[in-house]
Amino acid sequence: MGTGGRSGLRPGKGNTEGVAAGKGNTDGVAATPTAASASCQYRCIECNQEAKELYRDYNHGVLKITICVSCQKSCQKPVDKYIEYDPVIILINAILCKAQAYRHILFNTKINMHGKLCIFCLLCEAYLRWWQLQDSNQNTDPNDFIRYAKEWDFYRMFAIASLEQTAFFIGIFTFLWVERPMTAKKKPNFILLLKALLLSSYGKLLLIPAVIWEHDYTPLCLRLIKVFVLTSNFQAIRVTLNINRKLSLLAILSGLLVESTMVYFLQRMEWDVGSDCAIYKSQDF
């Protein structure tokens with residue numbers, strides 16, 4: 001999820017008016033104009049105000065980070081200090097759920113891996129559920145080993161995991177749509193929010209060890225992974241829409257409610273959903 005340095009920035013560094021600290025060009029030093037100067041496409045990671053540029057590129061490779069000088073309420077701090085940070089440092093800050101790191105990743109970088117990350121996480125989750133399902137349905141009959149060669153169970157687990165995640169997102173978007181007058185002064189960007197939710201679900205990658213080494217995860221470990229993913233989703237909602245913690249928490253709870261309803265509906269249809277609850281019970285047994 002972390003990306004840093006100037007290589008991860010979106011094209012365009014702003015216009016030639018007002019350099020880093022709000023000062024003009026110095027004598028003999030020319031700034032490089034770009035085509036993206038007409039709009040404020042970046043955000044200050046400290047105060048969440050819009051900014052036209054992240055840094056100013058002078059001749060001879062001289063760079064200077066832009067200072068937040070918004071006409072509204074500027075913080076007089078660097079717009080994005082993470083552009084000079086190593087990606088590992090940014091990733092650690094994102095794992096710690098720091099709002100500044102989330103703003104850097106969501107607003108000031110160009111990441112198009114959210115779709116691939118979502119599919120990969122769903123595959124890991126589906127495999128873990130499929131493995132738990134096979135382990136709970138052990139049979140001494142040699143003919144029963146044919147079930148391990150069937151791909152239908154795995155595809156079914158993948159479809160169920162996708163449905164549950166979709167239900168979780170629907171619950172979040174429905175709540176935020178109903179509470180739209182309270183969430184933002186302007187129309188919320190739900191496309192960006194979807195991208196943020198997909199990226200913030202990277203905690204499911206912690207299931208990779210179970211996929212590689214077939215590790216028997218304890219119920220506590222699975223619950224901790226779930227809590228971490230929900231915490232990341234909570235922070236992504238708060239940062240993307242710039243709303244308070246109460247509304248973000250209510251949005252997460254709404255998503256969990258719709259997801260639980262989906263699980264109950266699938267269980268009523270007598271599907272082995274392989275949900276977290278089922279995994280916890282089988283491991284406790």
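## Basis of the description

The model is predicted, and local features are given only where pLDDT is at least 70, side-chain atom pairs count only at pLDDT 80 or more, and totals for chains, interfaces and linings use all residues. Residues are numbered from 1 along each chain as its sequence is written, and side-chain values use heavy atoms, with hydrogens and water left out.

## Helix α1 and its ends

Helix α1 spans residues 87-95, where helices are DSSP runs of H or I with at least four residues, numbered from the N terminus. Its buried residues are Ile-90, Asn-93 and Ala-94, buried being under 20% relative accessible area, exposed over 50% and partly exposed in between, for a 1.4 Å probe and protein chains only. These residues cover an arc of only 100 degrees around the axis, which puts them on the same side of α1; the arc is that of the directions from the helix axis to the C-beta atoms. The buried residues of α1 pack against α2 (99-107), contact meaning heavy atoms within 4.5 Å.

At the start of α1, the backbone nitrogen of Val-88 has a side-chain oxygen of Asp-86 within 2.9 Å. After α1 comes Cys-97, with a positive phi near 60 degrees.

## Salt bridges around Arg-129

The whole structure contains 6 salt bridges, each defined as a side-chain nitrogen of Lys or Arg within 4 Å of a carboxyl oxygen of Asp or Glu. Arg-129 is bridged to Glu-125, with the closest N and O atoms 2.8 Å apart, and both residues lie in helix α3 (residues 114-136), 4 residues apart, about one turn of the helix. Arg-129 also meets Glu-164 in a salt bridge of 2.7 Å, N to O. This second pair links distant parts of the chain, since Glu-164 belongs to helix α5 (residues 152-178) and Arg-129 to helix α3, 35 residues apart.

Glu-164 is buried, at a relative accessible area of 3%, and Arg-129 is buried at 3%; Glu-125 is buried too. Glu-125, Arg-129, Glu-164 and Lys-204 are linked in a network of salt bridges.

Asp-153 and Arg-156 form a salt bridge whose closest N and O atoms are 3.1 Å apart. The two residues are 3 residues apart in helix α5, and about one helical turn separates them. Asp-153 counts as buried at 6% relative accessibility, and Arg-156 counts as buried at 12%.

## Met-262 in α10

Met-262 is found in helix α10 (residues 245-268) and is partly exposed, with a relative accessible area of 23%. Leaving aside residues up to four places away in sequence, Met-262 touches Leu-163 and Ala-167. Met-262 and Leu-163 are 99 residues apart in sequence, yet their C-alpha atoms are 7.8 Å apart in space.

## Aromatic rings

There are 7 aromatic pairs in the structure, counted for rings of Phe, Tyr and Trp (its six-membered ring) with centres within 6.5 Å; planes under 30 degrees apart are stacked, over 60 edge-to-face and the rest tilted. The rings of Tyr-82 and Tyr-85 have centres 5.1 Å apart and planes at 75 degrees, so this pair is edge-to-face. Tyr-82 is buried, at 2% relative accessible area, whereas Tyr-85 is partly exposed, at 31%. Phe-173, Trp-177 and Phe-190 form one aromatic cluster.

Notes:
Polar contact = N/O pair within 3.5 Å; in protein donor to acceptor, adjacent residues only side chain to side chain.
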